[in-house]
Amino acid sequence: MNNKFIIFGSPDIKQPEIDEVIGSLESGWLGTGPKVKKFEDDFKNYKKVNNAVAVNSCTAALHLSLIALNLKEGDEVITTPMTFCSTVNAIIHVGATPVLADVDPLSMNIDPHKIEEKITSKTKCILPVHFAGRPCKMDKIMELANEHNSYVVEDCAHAVEAIYHEKYAGTFGNFGCFSFYVTKNIVTGEGGMVITNHEKLANRIRQLALHGLSKDAWKRFSDEGFQHYYVEEAGFKYNMMDIQAAIGIHQLKRIEENWLRRQKTWNYYNENFSELPINLPALTEKNTRHAYHLYTVQIDENEAGLTRDEFLVRMNEKNIGTGVHYLSIPEHPYYQKQFGWKSVDYPYAMQIGKQTVSLPLSPKLSDNDIERVVQTVKSILN
Ligand SMILES: Cc1ncc(COP(=O)(O)O)c(C=O)c1O
């Protein structure tokens with residue numbers, strides 16, 4: 001078995017992506033253009049939704065979604081402590097106040113009962129994250145939102161393929177926001193998408209993503225002739241480029257194939273790790289589809305005989321990359337200072353943050369790579 005370093009979250013880039021990018025470079029059309037439009041259309045059809053707007057990150061998608069809902073200072077947005085900082089920062093950047101509701105320890109997703117406890121008259125939005133690709137309990141979350149007249153924005157950075165009770169993740173709330181960062185289930189380098197059934201809001205997001213201009217660059221520079229544009233709102237530079245969409249179009253074509261590959265790896269890990277003194281991911285709930293974005297195990301020092309961080313070091317020594325998703329949000333000094341958050345107040349997220357390790361799951365892993373991960377994990381823990 002060779003011993004080259006296994007990169008965590010290595011992107012699966014194949015010849016069609018490479019050819020399409022070269023095509024963009026040769027055409028001279030690098031910026032937002034026909035390939036972005038095609039990627040949006042393909043994504044929209046895949047998710048069975050009316051509108052998709054491509055942007056340059058999920059962070060941008062979240063930020064613009066919250067702006068489009070007119071959230072402002074004094075409004076509260078309830079989200080999870082088990083997420084990437086970007087989810088919380090997007091709330092802060094619209095001037096609203098993030099409020100955390102702890103996760104369910106098994107699913108690691110935001111617990112609807114904890115959401116209910118945090119709802120006040122200032123709650124304007126609930127922002128669940130489909131953690132690791134496992135869909136949140138959207139029936140209960142939508143019920144709470146409807147009862148309290150609150151918006152819902154779904155952070156689907158991990159969850160392109162996730163389905164909850166026959167509906168795709170990202171199609172329950174007002175907006176679904178996706179990431180195409182290099183480690184994600186669809187990769188464009190950097191990239192993101194907002195999906196929604198509200199056409200007017202989708203148009204506002206499209207406009208905000210390009211400085212608030214009345215016409216997008218594609219129309220301005222197309223062979224339809226010069227068109228004046230006007231700034232109608234102070235927007236952002238969040239548009240996706242054709243070079244990025246060129247990659248995304250072909251990634252999306254292989255989405256099911258890659259999902260099956262990750263599912264196989266996931267099941268193989270489950271079978272091989274069942275006797276080890278670690279906690280494995282919970283079973284997938286009935287009538288849902290897990291997007292298999294992160295395979296996370298929990299290392300409890302008392303049971304495993306070593307700490308999570310020692311485990312990370314040992315894996316690295318064996319040339320296997322791992323990830324930590326995530327240190328819980330209240331562990332970060334900025335949020336402690338700004339909001340007075342303490343990690344002990346969110347005990348399940350805190351515990352997950354201290355014990356969790358994500359193992360390689362990319363569809364790019366060879367059978368040999370997967371076997372090396374399995375044998376290395378077993379040798380460290382046995
Ligand atoms: C849960 C979650 N939300 C948001 C983001 C932000 O995505 P992006 O890097 O595309 O801005 C990430 C990225 O890792 C994420 O994992």
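Asn 149 counts as exposed, because its relative accessibility is 70%. Exposed means over 50% relative accessible area, buried means under 20%, and partly exposed lies in between (1.4 Å probe, protein chains only). Asn 149 sits in the loop between H6 and S5. These labels come from DSSP runs, numbered from the N terminus: helices are H or I runs of at least four residues, strands are E runs of at least two. The phi of Asn 149 is positive, near 55°, and the residue is not a glycine.

This is a predicted model, in which local features need pLDDT of at least 70 and side-chain atom pairs count only at pLDDT 80 or more, while totals for chains, interfaces and linings use all residues. Residues are numbered from 1 along each chain as its sequence is written, and side-chain values use heavy atoms, with hydrogens and water left out.

Most residues other than glycine have a negative phi, and most peptide bonds are trans. Ala 132 has a positive phi of about 65°, though it is not a glycine. It lies in the loop between strand S4 (123-127) and helix H6 (138-147). Ala 132 is buried, because its relative accessibility is 5%. The peptide bond from His 325 to Tyr 326 is cis, with omega near 0°. Tyr 326 belongs to the loop between H12 and helix H13 (333-339).

Around the ligand stand 15 residues, and the closest are Thr 59, Asp 155, Ser 179, Lys 184 and Tyr 326. A residue is near a molecule or strand if one of its heavy atoms lies within 4 Å of it. For Thr 59 the distance is 2.5 Å. For His 158 it is 2.8 Å. For Ser 179 it is 2.7 Å. The protein covers 93% of the 400 Å² of accessible area that the ligand has on its own. Accessible areas come from the Shrake-Rupley method with a 1.4 Å probe; for residues, only the protein chains shown count as cover. Helix H3 (58-68) and helix H4 (85-93) are the elements that give two or more residues to the shell around the ligand.

Now follow H3. Of its 11 residues, 10 are buried, so the helix is largely enclosed by the rest of the structure. Among the buried ones are Cys 58, Ala 60, His 63 and Ala 68. Ser 57 caps the N-terminal end of H3: a side-chain oxygen lies 3.3 Å from the backbone nitrogen of Thr 59. After H3 comes Asn 70, with a positive phi near 60°.

Where is Glu 161 found? It is in the loop between strand S5 (151-155) and strand S6 (163-164). Glu 161 counts as buried because its relative accessibility is 0%. Its side chain makes a polar contact with the side chain of Asn 185, at 2.8 Å. A polar contact is a pair of N or O atoms within 3.5 Å; within protein, one must be able to donate a hydrogen and the other to accept it, and residues adjacent in sequence count only if both atoms are side-chain atoms. Leaving aside neighbours within four places in sequence, Glu 161 is in contact with residues including Tyr 46, Trp 259, Arg 262 and Arg 289. Contact means heavy atoms within 4.5 Å.

Two histidines come next. His 290 lies in the loop between strand S10 (288-289) and strand S11 (295-298). It is buried, with a relative accessible area of 2%. The side chain of His 290 reaches the backbone nitrogen of Tyr 292 at 2.8 Å. Not counting residues up to four places away in sequence, His 290 touches Ala 132 and Trp 259, among others.

His 211 sits in the loop between helix H7 (199-208) and helix H8 (217-220). It counts as partly exposed, because its relative accessibility is 36%. Its C-alpha atom is separated by 9.8 Å from that of Tyr 230, 19 residues apart along the chain. Beyond residues up to four places away in sequence, His 211 touches residues including Val 231, Glu 233 and Phe 236.

The walk ends at helix H14 (residues 347-355). Its buried residues include Ala 349, Met 350 and Ile 352. The buried residues of H14 pack against S11, helix H12 (308-317) and strand S12 (356-359).
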